[in-house]
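Me: I have a structure open and want to go through it bit by bit. Can you help me read it?

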Amino acid sequence: MSATPATIALSSVGIPFIGHEYQHDPGTTDFGREAADALHLDAGLVFKTLMIEVDGQLVVAIVPVSGRLDLKALAAAVEGKKAVLADPHVAERKTGYTVGGISPIGQKITHPTVLDETAELYDTVFVSGGRRGFDIELAPADLVRVTGAVVAAIGRD
């Protein structure tokens, strides 16, 4: 397993995690679903990282791949008004990661982060490890701790 900014960030603060590598299909664009399928996991355990612009500020939204992000709920969670998906090039430049491999952990610039409350239903959850074909398994409380996330109902089916 090669080191990524996410694994380095977790190791530097002593947070335990398990890295899971899988074969990424270059033809896929549903990266979170690909991870769930490749790792034989329930899609509710695998969380996708979305970069969202809320009132002109980048915000990290972490939601299960089994559902969708509620943009209004996300905006409310960060006391904003309007939320839209961030431009992929801006997301890559501000996080240091490639789309499809954006981890909520170890980004170049720290952004406000919101984790969907369903994460707290599980002992561990899976998020991108910082590149396509690599997910990190960790406790939701540790994900909150390392990202400074607030937990809110931002996902929907």
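**The cores**

Reply: This is a predicted model. Its largest nonpolar core has 23 residues, and Ile105, Val127, Leu138 and Leu143 touch the most other members.

Me: Which helices and strands supply at least two residues of this core?

Reply: Helix 1 (5-12), strand 2 (47-54), strand 3, strand 7 (125-131) and strand 8 (134-138) each do.

Me: What does Leu143 touch?

Reply: Not counting residues up to four places away in sequence, Leu143 touches Ile62, Pro104, Ile105, Leu115, Val125, Val127 and Leu138. There is also a second, separate core of 13 residues, with Val54, Leu74, Val114 and Ala152 among them.

Me: OK, strand 6 next. Which of its residues are on which side?

Reply: Strand 6 covers residues 113-116. Thr113 and Leu115 are on one side, Val114 and Asp116 on the other, and all of them are buried. In a regular strand, side chains alternate between the two faces of the sheet.

Me: And which strands does strand 6 pair with?

Reply: Strand 3 (residues 57-64) pairs with strand 6 in the parallel sense, over 3 bridges. Ala61 stands opposite Val114 there. Strand 9 (residues 150-152) also pairs with strand 6 in the parallel sense, over 3 bridges, and Val151 in strand 9 is the bridge partner of Leu115.

Me: Change of topic: Thr95. Buried or exposed?

Reply: Thr95, in helix 4 (residues 88-95), counts as buried because its relative accessible area is 1%, and the cut-off is under 20%.

Me: What is Thr95 in contact with?

Reply: Leaving aside neighbours within four places in sequence, Thr95 is in contact with Met51, Ile102, Gly106, Gln107 and Lys108. A polar atom of the Thr95 side chain also lies 3.1 Å from the backbone nitrogen of Tyr97.

Technical notes
Residues are numbered from 1 along each chain as its sequence is written. This is a predicted model: local features need pLDDT of at least 70, side-chain atom pairs count only at pLDDT 80 or more; totals for chains, interfaces and linings use all residues. Side-chain values use heavy atoms; hydrogens and water are left out. Buried means under 20% relative accessible area, exposed over 50%, partly exposed in between (1.4 Å probe, protein chains only). Helices (H or I, at least four residues) and strands (E, at least two) are DSSP runs, numbered from the N terminus. Two strands pair if DSSP finds at least two bridges between them. A polar contact is a pair of N or O atoms within 3.5 Å; within protein, one must be able to donate a hydrogen and the other to accept it, and residues adjacent in sequence count only if both atoms are side-chain atoms. Contact means heavy atoms within 4.5 Å. A nonpolar core is a set of buried Ala, Val, Leu, Ile, Met, Phe, Trp, Tyr and Cys residues joined through side-chain atoms within 4.5 Å.
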